[in-house]
Amino acid sequence: MADEREPWALILGASSGFGEATALALAADGYNIAGVHLDRRSGMAHVEELRSRIAALGREALFFNVNAADDEQRSRVIESLRERFSRSGEAGHHAYVRVLLHSLAFGTLKPFLAADPGDAITRKNMEMTLDVMAHSLVYWTQDLVRAGFIEAGSHIYAMTSEGSSRVVGSYGAVSAAKSALESHCRQLAMELARRGIGASCNAIRAGVTVTHALMQIPERDELMDVARRRNPSGRLTTTDDVARAIVTLSREGTDWMTGNILGIDGGEFITG
Ligand SMILES: NC(=O)c1ccc[n+]([C@@H]2O[C@H](COP(=O)([O-])OP(=O)(O)OC[C@H]3O[C@@H](n4cnc5c(N)ncnc54)[C@H](O)[C@@H]3O)[C@@H](O)[C@H]2O)c1
């Protein structure tokens, strides 16, 4: 039977990379988009262009330039969604968050040990990286469940990487965040099921992909060379590879698929 509800995608990290590509792909598949991002004024022209592209697909785009790891700002976004969803309710439509994508890149890329202590990771760096790139998933999910926006058929995804189980010089704090993020996905999958909510939660392990975040990693050239050599298709992953997979996975019939780490990498991981 057709799902008559009004599907929304809430994308954390919507202005760039995987988040941007997935926002566009889901809009093309009939979703309204709520996008959370953190951009300076110089990045806002790009966000406006993205909003226009979503509008041109006939979908609504609500964008929030806020820190996704800030409790008050998260509450304000949820409140705005509540107001928007209740307008749908008044018009006789039932809006809900069908897709929540956690795609935040905001980590400190420093080694744990360095000759000059100023070059090494600090407690503040570590805590901020873990908070944004891992723990924020839990707090957003808590609030969305409490608000009643996550329902049967909702899908939660969080972007992880091979860094959860492999080491790269400057990537220690992000590696820790990826391990924690995968653990949070398993825990949320179990708790959502036990509470009978009918929503799934999976981590998506993308292959190495050219994005703004990748270009910040000091070892990026080596990472890209190794990925091209290892990947059985001989190319890097693209943001569209991942966006298309999320669109397909979020259609009917995948509710029982939960608690996994899904490789969307053309087989890059298994050839490592
Ligand atoms: N690029 C890769 O090769 C690769 C591979 C696997 C996984 N990932 C993961 O995918 C996720 C997305 O990365 P990307 O490569 O698309 O990066 P990106 O830099 O292109 O996009 C990051 C997005 O996060 C937003 N953002 C960052 N900090 C924020 C904050 N505190 N509050 C709100 N928004 C914030 C930015 O505004 C932007 O929209 C990251 O978790 C990254 O680790 C990337």
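Hi everyone, let me start with a term: a residue is buried if 20 or more other C-beta atoms, placed from the backbone, lie within 10 Å of its own, exposed if 12 or fewer do, and partly exposed in between. By that rule leucine 38 is buried, because 20 other C-beta atoms lie within 10 Å.

Before I go on, this is a predicted model, where local features need pLDDT of at least 70, side-chain atom pairs count only at pLDDT 80 or more, and totals for chains, interfaces and linings use all residues. Residues are numbered from 1 along each chain as its sequence is written.

So where does leucine 38 sit? You'll find leucine 38 in the loop between E2 and H2; helices (H or I, at least four residues) and strands (E, at least two) are DSSP runs numbered from the N terminus. Setting aside neighbours within four places in sequence, leucine 38 is in contact (C-beta atoms, placed from the backbone, within 7 Å) with Asn65, Val66 and Asn67. Serine 15 is 23 residues away from leucine 38 in sequence, and their C-alpha atoms are 8.1 Å apart.

Now the ligand. A residue is near it if its C-beta atom, placed from the backbone, lies within 6 Å. There are 29 residues around the ligand, and Gly13, Gly17, Phe106, Thr211 and Ala213 come nearest. Helix H1 (17–28), strand E2 (32–37), helix H4 (123–146) and helix H6 (212–215) each supply at least two residues of that shell.

Last, a look at valine 97. Not counting residues up to four places away in sequence, valine 97 touches Trp8, Leu10, Leu144, Phe149, Ile150 and Ser154.

Definitions and conventions:
Contact = placed C-beta atoms within 7 Å.
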